[in-house]
Amino acid sequence: MTSVQQFYKGSTILISGATGFLGHILLEKTLRTLQPRKVYLLIRKKKGLDAQQRLREMMRGVVFDRVRSLSSVAKVEAVEVDSSRPDLALDAETRRQLEEEVEIVFQLAASVSFNESLETALRENVQNNLHLYELVKSMENLQAAMQVSTIYSNCDLKTIGEKVYNGVGFGGYNSILKLLRGLDDKEKEVLTPFILKGLPNTYTFAKKCIESQIEQEFSHLPFGIFRPPGITTTYREPLVGWINNLYGAGGYVLPLIFGLYSAFYVDNATVLMLAPVDYCANALLLSASDVARNFNNRGSDIPVYNYTGNYCPNAGDMYKYLTEGLPVPQRYIYRHFMHTRTSNETRYRFAMQLMRVHASALDQIRIMTGQRPGIRKAIDRALQMTNKSRPLTVTKWDIENANIRRIQQNLDPKERKMFNCDLGSVDWRQHFAGFIPGIKKYVLKMA
């Protein structure tokens, strides 16, 4: 048994956000390889389903095919919460149980929409996190608590170090909340760009805020901050090409799947920061064990793990690899005739209009053939999301990742294989060629 496995064996783990994309893979890996004593999942009621029903529905998914027969599945317990409440809506007995038993916490729950209002983003990605951390403060045997952030939380900087940046502005998170409460919706909309400053959307700003709050309020505890890049489909585990959402890169490929003219605001030479979801889960598990191992010897700063590197292909090659996942005629049509990739504003705006006109025309054809329209609506949403992430596709950063490299260097061969997170080992051409088939199979349920 490896030292990492030894750390997790017999432990009690709490995961907030296990029903999400990364959460699925983190839970599956934990059950399959780590032999925990207990895994508590904080799950909110949604669409008429309570926490137990959502857990049963999740465990029926293809991701858990390899673990359903294992005894470790019986160790999973759903705990229904309302994260908007300071007490999480936990009864006294459940709260006491969590405070006494939990040793390792993973906070993955987040709203990942780039289009939310600032107030909503701060509520979902800061305030609700802090409600959980008030519980974490009372955990008697806490060894590690990991906040999953994003490598883009400080993308307004050219160099991103493995540290927390506290320059939120406007007096900090609490002052911003007070300010927003005194404004009407129009005033909030006008003020938001000034608060965000150089950050491209409310999601990245909220992640910057939660990092700052953790540094200010919880540096005396074994906390760590994990910053993944954009997350793509599974590379190897537990199966190849799985994904369950259209966020991030998923939104970019929708037009290709629908057969639409496509507009991409991108510099072909830019190396995008991306990582397979199973590699992210492995890196997160390794980072948590590192936090626990070094807590007593660290300084007052919260350890930060920037999980990225210059291993991905550039945007031009990535597009070529993505189109390899299309049928042969469609592949060549898209490469040569049906798309515009540019960082020229005028060309991009013209291409967007072509894209919208094409989507509207296809909707009309669907109406005439008795089908439901909706392509234009989906494309408008995708364009709105991609427009709010435009700096991410034309900017190059210098990113420090010494902590991740140190962890990888200290792994023995068995650990390196079991918890592979070396982005240099990914066959990116093969990986991206499976991206569109994965979206079609697991998200759109297309044959």
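1. Let's start with a word you'll meet throughout: a residue is buried when its relative accessible area is under 20%, exposed when that value is over 50%, and partly exposed in between (1.4 Å probe, protein chains only). Thr12 counts as buried because its relative accessibility is 1%. Thr12 sits in strand 1, residues 12-16; helices (H or I, at least four residues) and strands (E, at least two) are DSSP runs, numbered from the N terminus. Contact means heavy atoms within 4.5 Å. Setting aside residues up to four places away in sequence, Thr12 touches Arg37, Lys38, Tyr40, Glu101, Val102, Glu103 and Ile104.

2. Before going on, a word on what you're looking at. This is a predicted model, in which local features need pLDDT of at least 70 and side-chain atom pairs count only at pLDDT 80 or more, while totals for chains, interfaces and linings use all residues. Residues are numbered from 1 along each chain as its sequence is written, and side-chain values use heavy atoms, with hydrogens and water left out.

3. Have a look at Val148 next. Is Val148 buried or exposed? Val148 is buried, since its relative accessible area is 7%. You'll find Val148 in strand 5, residues 144-148. Leaving out neighbours within four places in sequence, its contacts are Leu22, Gln107, Leu108, Lys207, Phe226, Pro228 and Leu284.

4. Now for charges. Side chains of opposite charge can pair when their charged atoms come close. Here a salt bridge means a side-chain nitrogen of Lys or Arg within 4 Å of a carboxyl oxygen of Asp or Glu. How many salt bridges does the structure hold? There are 21 salt bridges.

5. Three of these pairs are handy to click on. Arg68 pairs with Asp65, their closest N and O atoms being 2.0 Å apart. Arg68 counts as partly exposed because its relative accessibility is 37%, and Asp65 counts as partly exposed at 42%. Glu28 pairs with Arg32, with 2.7 Å between the closest N and O atoms. Both residues lie in helix 2, four residues apart, which is about one turn of the helix. Why does Glu28 count as buried? Glu28 counts as buried because its relative accessibility is 0%. Then there is Asp87 with Arg85, where the closest N and O atoms are 3.1 Å apart. Asp87 is partly exposed at 31% relative accessibility, and Arg85 is partly exposed with a relative accessible area of 39%. Salt bridges that share partners also join Glu28, Lys29, Arg32 and Glu237 into one network.

6. On to surface patches. Patches are made of residues with over 30% relative accessible area and no salt bridge; like charges are joined within 9 Å, and nonpolar side chains (Val, Leu, Ile, Met, Phe, Trp, Tyr) within 5 Å. The areas come from the Shrake-Rupley method with a 1.4 Å probe, and for residues only the protein chains shown count as cover. Phe170, Leu179, Val190 and Phe194 make a nonpolar surface patch of about 370 Å². Phe170 belongs to the loop between strand 6 (159-160) and helix 6 (173-181), and counts as partly exposed because its relative accessibility is 39%.

7. Asp184, Asp185, Glu187 and Glu189 gather in a patch of negative charge on the surface. Glu187 is in helix 7, residues 185-196, and counts as partly exposed at 39% relative accessibility.

8. Most residues other than glycine have a negative phi, and most peptide bonds are trans. Gln35 has a positive phi near 50°. Gln35 is in the loop between helix 2 (21-33) and strand 2 (38-43), and is partly exposed at 40% relative accessibility. Lys445 has a positive phi near 55°. Lys445 is in the segment after helix 18 (435-443), and counts as exposed because its relative accessibility is 63%. Which peptide bond is cis? The bond from Glu237 to Pro238 is cis, with omega near -10°. Pro238 falls in the loop between strand 8 (230-232) and helix 9 (249-258).

Terms used:
Lys and Arg count as positive and Asp and Glu as negative; His and the chain ends are not counted. The place of a charge is taken as NZ of Lys, CZ of Arg, CG of Asp or CD of Glu.
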